[in-house]
Amino acid sequence: MKRKKVVLIATGGTIASKKKEDTGLLESGVITGEEIVQYCDIPADIDVEVESMLQKASMHLTFDDLLILKERIDLYLAKDDVSGVVVTQGTDTLEESSYFINLITNHKKPIVFTGSQRSPGEVGTDAFINIKHAILAACSEDLFHIGVVVVFNERIFHSRYVKKEHASNVQGFNSFGFGYLGIIDNEEVYIFQKPLVNEFYELKSSLPEVDIIKCYMGAGDKYVRAAREANVDGIILEGVGRGQVTPAMMGEIKQCIQAGIIVVITTSTVEGEVYTTYDYEGSAFDLKKAGVILGRDYDSKKARMKLMVGLASNHPNISEIFNPL
């Protein structure tokens, strides 16, 4: 049997953390990838090359970091002897960074993100098994041509729909309404379903500034106004239900449209999509009439990534990237 080779790029996070002596609390990203992987019981027929690229908490990651990560992934996957790439990082922003990398890379071979909810030194840690399973997934040809996936707690999720569902439990991620693509069981990778389409955008300009504004009962317009006055490039409105905002927000939203700011409406619900169901002030229908883009079933974080990448790719029709069919 031909040997497989996987490159593991470590960026920090809980999966690379240990307790500080003075506080007894976790310090994120202090263990190198080389240190971690030696405890993961990797099968003998898989070679693992490790690059400890960063040692950061995931909330400290920047888009500059992710663009460097993209370059490293491109470099490794261009090599004939590399079967796939694994990226380890903190879980707090994993759903965002994995989808961002999904949108700006276009590789046949697997790109697999993973992390852990418990540090390597804790009883019952999920650090080592998640890394092992991610490496096994990165070797699987069944994951060719489907984009970036997330491996967590024996399950394989697509980055488009994966969401952190629990702050601390080892079952930390889920894909509500869509489920997982497959599982890893007894060192075997089983794929049950694949996405029909995987999107790719080539970045041609610098990433724009896009803010997320959450809508709620009694919400006023001050955050929308602040975003407009800050000259942001785009705004993601996290509306409610089918994509509603308060009437008090509509005036400023219309001013944003007039100022050339791209505005997208999403929903705070975990399933379903925005739709022009109602005809009243602040409804998705009212927003669409004003020039707001309907963000379908994107959650606000994924919509932000999509809008940033769409604008940076100089796409001629931003509405089209949210409604491709």
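Biologist: Why is lysine 214 called partly exposed?

Modeller: The model is predicted, and in it lysine 214 has a relative accessible area of 48%.

Biologist: What makes its pairing with glutamate 238 a salt bridge?

Modeller: The closest N and O atoms of lysine 214 and glutamate 238 are 2.3 Å apart. The cut-off is 4 Å between a side-chain nitrogen of Lys or Arg and a carboxyl oxygen of Asp or Glu, so the pair qualifies. Lysine 214 belongs to strand β13 (residues 210-214) and glutamate 238 to strand β14 (residues 234-239), and the two are 24 residues apart.

Biologist: Is glutamate 238 buried or exposed?

Modeller: Glutamate 238 is buried: its relative accessible area is 13%, and buried means under 20%.

Biologist: How do you know that aspartate 299 and lysine 163 form a salt bridge?

Modeller: Their side chains meet at 3.6 Å, N to O, and the limit is 4 Å. Aspartate 299 sits in the loop between β16 (293-294) and α8 (300-312), while lysine 163 is in strand β9 (residues 163-164), so by the definition of these elements the pair links distant parts of the chain, 136 residues apart.

Biologist: What makes aspartate 81 and lysine 5 a tie between separate parts?

Modeller: Their closest N and O atoms are 3.5 Å apart, in a salt bridge. Aspartate 81 is in the loop between α2 (63-77) and β5 (84-88) and lysine 5 is in strand β1 (residues 4-12), so the pair ties together parts 76 residues apart in sequence. Aspartate 81 itself is partly exposed, at 45% relative accessibility. The structure holds 16 salt bridges, and those that share partners join Lys5, Glu49 and Asp81 into one network.

Biologist: Which residues touch the most other members of the largest nonpolar core?

Modeller: That core has 41 residues, and those with the most contacts to other members are Ile9, Leu69, Ile73, Val85, Ile101, Phe113 and Phe322. Membership requires being buried, and side-chain atoms within 4.5 Å join the members. The element giving the most to this core is α3, with six residues. Apart from it lies another core, of 29 residues, including Leu136, Cys139, Val149 and Leu181.

Biologist: What does valine 85 touch?

Modeller: Leaving out residues up to four places away in sequence, valine 85 touches Val7, Ile9, Ile73, Tyr76, Leu77, Pro110, Ile111, Val112 and Ala138.

Biologist: What lines the largest pocket?

Modeller: The largest pocket has a volume of about 690 Å³. It is lined by 24 residues, with Arg160, Tyr161, Pro195, Leu196 and Val197 closest to its centre. By class, its lining has 13 nonpolar, six polar and five charged residues. α3 gives the most to this lining, with three residues.

Biologist: How many residues line the second largest pocket?

Modeller: The second largest pocket, with a volume of about 320 Å³, is lined by 18 residues; Thr269, Val270, Glu271, Asp297 and Asp299 lie nearest its centre. The lining divides into five nonpolar, six polar and seven charged residues.

Definitions and conventions
Residues are numbered from 1 along each chain as its sequence is written. This is a predicted model: local features need pLDDT of at least 70, side-chain atom pairs count only at pLDDT 80 or more; totals for chains, interfaces and linings use all residues. Side-chain values use heavy atoms; hydrogens and water are left out. On a 1 Å grid over the protein atoms alone, a cavity is a set of points where a 1.4 Å probe fits but cannot get out, and a pocket is an open set with protein on both sides within 12 Å along at least five of seven lines; lining residues have an atom within 4 Å of a point. Grid points are joined across faces, edges and corners, and a volume is the space filled by probe spheres set on the points. Helices (H or I, at least four residues) and strands (E, at least two) are DSSP runs, numbered from the N terminus. Ala, Val, Leu, Ile, Met, Phe, Trp, Tyr, Cys and Pro count as nonpolar, Asp, Glu, Lys and Arg as charged, and the others, Gly among them, as polar. Buried means under 20% relative accessible area, exposed over 50%, partly exposed in between (1.4 Å probe, protein chains only). Contact means heavy atoms within 4.5 Å.
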